[in-house]
Number of protein chains: 2
Amino acid sequence: MERIERRACFGGWQEVHRHRSKAVDGEMRFAIYLPPQAAQGNVPVLYWLSGLTCTEQNFITKAGAQRYAAEHGLAIVACDTSPRGEQVADHDAYDLGQGAGFYVNATVAPWSQHYRMYDYVAHELPALIEQHFPVTKKRAISGHSMGGHGALTIALKNPGRYSSVSAFSPIVAPSRVPWGEKAFAAYLGSDRETWRAYDAAELVKTANEKLPLLIDQGDADEFLHTQLQPGLLQEAAKAAGHPCELRMRVGYDHSYYFIASFIGEHVAYHAAAMHP
Amino acid sequence: MERIERRACFGGWQEVHRHRSKAVDGEMRFAIYLPPQAAQGNVPVLYWLSGLTCTEQNFITKAGAQRYAAEHGLAIVACDTSPRGEQVADHDAYDLGQGAGFYVNATVAPWSQHYRMYDYVAHELPALIEQHFPVTKKRAISGHSMGGHGALTIALKNPGRYSSVSAFSPIVAPSRVPWGEKAFAAYLGSDRETWRAYDAAELVKTANEKLPLLIDQGDADEFLHTQLQPGLLQEAAKAAGHPCELRMRVGYDHSYYFIASFIGEHVAYHAAAMHP
C-alpha cells in the first residue's frame, strides 16, 4: 500500500492510497479522511460509494463531508467505482465498464476477471482499513446513485456488519431500470434470477436484520422517474415491515450540490449509530 | 446575459451565467450563489477571485462556501480568471494567458486587446450584479493565490468600495516573485514602475483607507517561500500603519482542502463587516 496524497483538512488529514487488490486482481485507489480525533484514538468509519464515472476524487473534493467528519470524530473512506487500467475490460459507454462497476461480482467474461467490486467493498477494503488505520470495527455505509445502490445492497446482504446505512439518489431497483438492466445483463448474464442478489428492492423482502434505510432524493433529479424510482424500494420495504425513510428534497437535482447540502445530516446520523 | 446553470444548494441557488463583457471585449462567465435570504430581500455580496488555471467552477464545486453563505445571508460571486476563446491571446504556460489574467488591465499587445480583468472585476461585474440580482451595494472581496493578489489590490485601489477584504495564500508582492514578474512583464511591459499599481505590498504604503487585510496562509504551502512570501506585505503594512492580520495555519498546503477548512471563518468575517 502506498500513500499518494496527504492534505491537511479541517484539523485532520485527507489521504489517498493505492494498493494491490486481490478481489479485483489489480491496483485500486481509495481515499480516507482521518479526523483530528484519530490522532488520539481509534474512530469509527463511514464508507462512501460514488456513482457512475466517479473515482475516489469526486466525493473528497466536492461533498464537503470532512467538516462534519471532524465534528463527529469519524473517518470516511471513499473508493473508486471499478477496477481500472489498460488490462481491464472496458466499454465506450459511461454506464458500463470502467467507472461503472455497480458493486457486484461479475460472473460473465470478460468482466468476471476484474469486476469484483462487491467483494472489494464488502470484505477486502474494510479488512485493509482496519489493519492499517486508527479505526474501530464500527462501520457505516452510504453512497450516491450507483453508489447508493451499492450501499443499500451491501448493507442488506451483510447483517451485523454495518451500524447504519443511507443513500443519496440511489438506484433502488436495478433489475427494473435501464442503467441496472444494461449493467447486470453484461456483468451477471441474462438470467434475471441472479440479479436479485444485487437489487435492494428484492433484498429488502427477505432481510433478517431490519437495519433502517435512510434515503435522500431531490425531486428535480433528472433521473428520478427513469433510473431511480425510490418508491419501488419504499413499497417493498413497507410490505416487508422494513423501516425505510425517504426524504424528498424540493428543488434538488442529482449533483454534488445536493449531496453537499445534506451530507452533514447523513454524517450526524451515522455518527449517532456508531457512537452509541 | 444568459443563465447556463441553476442548482439548488443549501436552501438557495448556485447559478452560472454568461454575458458579453465590454471590459474584456468578449464573453465572460460568472457564478453566483444566492442564499435562501435572497428570496425575501436584497443581500450583500462577497466577490471571490480564483487562482491560476481556474474558471468560475473551481470555487463553487470545491470550497463548500455555500453552507456559510446560507447561514449568514450573503451572495457569493465567483468569476473566471481571464478572458477566454480562440480569438483571445494565449500562451502554453499555465501561468500566462488564458486562466492567468492576474486582475490587471494589460497595456502591451497582444494582451491589451482582451486582458482587462481589473476593469471587469472592479467595475463591470459589480454593476452587472447589482443591476440584475437581489443584492445590496454592500461588497466584500476575497480570493486565493493569484486571486488573493487580485482581492488585495482591488480593495486597496478602491477605497470605500468594499466593506472588507481577505485572502488565502495570496501573491502579495508580484513585482518581486517569479509568477508576478513573468505576468507583469508580459501584460504591463518592462517598466517596473507601472507594476506598482498592481502590487499589494506597494499599494499598502500609500493607501488612504486603512481597510484591514486578513490573510490565511498554510505553512506547508509549496509556494510559500517562492511565490507568496506574505511577510513582504506584513512588513510593508506595519511600516505604513495599515492593519494586517496574517494567520499561519500549521500543516496546510495550497489546495482547496485548505480553503474549505477556513472559508467559513472568512465568510463570517465578511458577513460581520457587511451586516453592521
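Modeller: Before we start, a definition: helices (H or I, at least four residues) and strands (E, at least two) are DSSP runs, numbered from the N terminus. The model is predicted.

Colleague: Fine. Where is B:Pro110, then?

Modeller: In chain B, B:Pro110 sits in the loop between β5 and α3 (117-132).

Colleague: And is the peptide bond from B:Ala109 to B:Pro110 cis or trans?

Modeller: That bond, B:Ala109 to B:Pro110, is cis, and its omega is near 0°. Chain A has a cis peptide bond between A:Ala109 and A:Pro110, where omega is about 0°. A:Pro110 is in the loop between β5 and α3 (117-132) of chain A.

Colleague: What is the phi of B:Phe102?

Modeller: It is positive, about 60°, although B:Phe102 is not a glycine. B:Phe102 is also located in the loop between β5 and α3 of chain B.

Colleague: Switching to the sheets. In what order do the strands of chain A come?

Modeller: The order is β1-β2-β3-β5-β4-β6-β7-β8-β9, nine strands in an open sheet with mixed pairing. β1 (2-9) and β9 (244-249) of chain A are at the edges with a single partner strand each, so each has one side without a neighbour in the sheet. On average, neighbouring strands of this sheet are turned by 20° against each other, ignoring direction.

Colleague: How many bridges join β3(A) to β5(A)?

Modeller: Four, and β3(A) and β5(A) run antiparallel. One pair to look at is A:Tyr33 with its bridge partner in β5(A), A:Ile76.

Colleague: What about the sheet in chain B, what order does it have?

Modeller: Chain B has an open sheet of nine strands in the order β1-β2-β3-β5-β4-β6-β7-β8-β9, and the pairing is mixed. Its edge strands, β1 (2-9) and β9 (244-249) of chain B, each pair on one side only. Neighbouring strands there are turned by 20° on average, direction ignored.

Colleague: How many bridges between β2 of chain B and β3(B)?

Modeller: Nine, with β2 (residues 12-21) and β3(B) paired in the antiparallel sense. B:Ser21, for one, has B:Gly26 as its bridge partner in β3(B).

Colleague: And which strands of chain B does α4 of chain B touch?

Modeller: Helix α4 (residues 146-157) of chain B packs on the sheet and touches β4 (43-49), β6 (135-143), β7 (164-168) and β8 (213-218). Its direction makes about 130° with that of β6(B).

Colleague: Now α9 of chain A. Which strands of chain A does that helix lie across?

Modeller: Helix α9 (residues 256-274) of chain A lies across β4 (43-49), β6 (135-143), β7 (164-168), β8 (213-218) and β9 of chain A. Relative to β7(A), the helix runs at about 175°. The helix also reaches the other chain: α9(A) lies across β1 and β2 of chain B, at about 30° to β1(B).

Colleague: Which strands of chain A does α9 of chain B lie across?

Modeller: Helix α9 (residues 256-274) of chain B lies across β1 and β2 (12-21) of chain A, running at about 30° to β1(A).

Colleague: Which residues line the largest cavity?

Modeller: The lining consists of A:Gln14, A:Ala31, A:Ile32, A:Tyr33, A:Phe59, A:Ile60, A:Ala65, A:Gln66, A:Ile76 and A:Ala78. The bridge partners A:Tyr33 and A:Ile76 are both among them. β3(A) gives the largest share, three residues. By type, eight lining residues are nonpolar, two are polar and none is charged.

Colleague: And what elements of chain B supply at least two residues of the lining of the second largest cavity?

Modeller: β3 (26-34), α1 (57-62) and β5 (75-79) of chain B each do. The lining includes B:Gln14, B:Tyr33, B:Phe59 and B:Val77. Its residues divide into nine nonpolar and two polar, with no charged ones.

Methods. Residues are numbered from 1 along each chain as its sequence is written. Chains are lettered from A and ligands numbered from 1 in the order in which they are written. This is a predicted model: local features need pLDDT of at least 70, side-chain atom pairs count only at pLDDT 80 or more; totals for chains, interfaces and linings use all residues. Side-chain values use heavy atoms; hydrogens and water are left out. On a 1 Å grid over the protein atoms alone, a cavity is a set of points where a 1.4 Å probe fits but cannot get out, and a pocket is an open set with protein on both sides within 12 Å along at least five of seven lines; lining residues have an atom within 4 Å of a point. Ala, Val, Leu, Ile, Met, Phe, Trp, Tyr, Cys and Pro count as nonpolar, Asp, Glu, Lys and Arg as charged, and the others, Gly among them, as polar. Two strands pair if DSSP finds at least two bridges between them. Axes are lines fitted to C-alpha atoms, for helices over the stretch in contact, and angles run from 0 to 180 degrees between N-to-C directions. Contact means heavy atoms within 4.5 Å.
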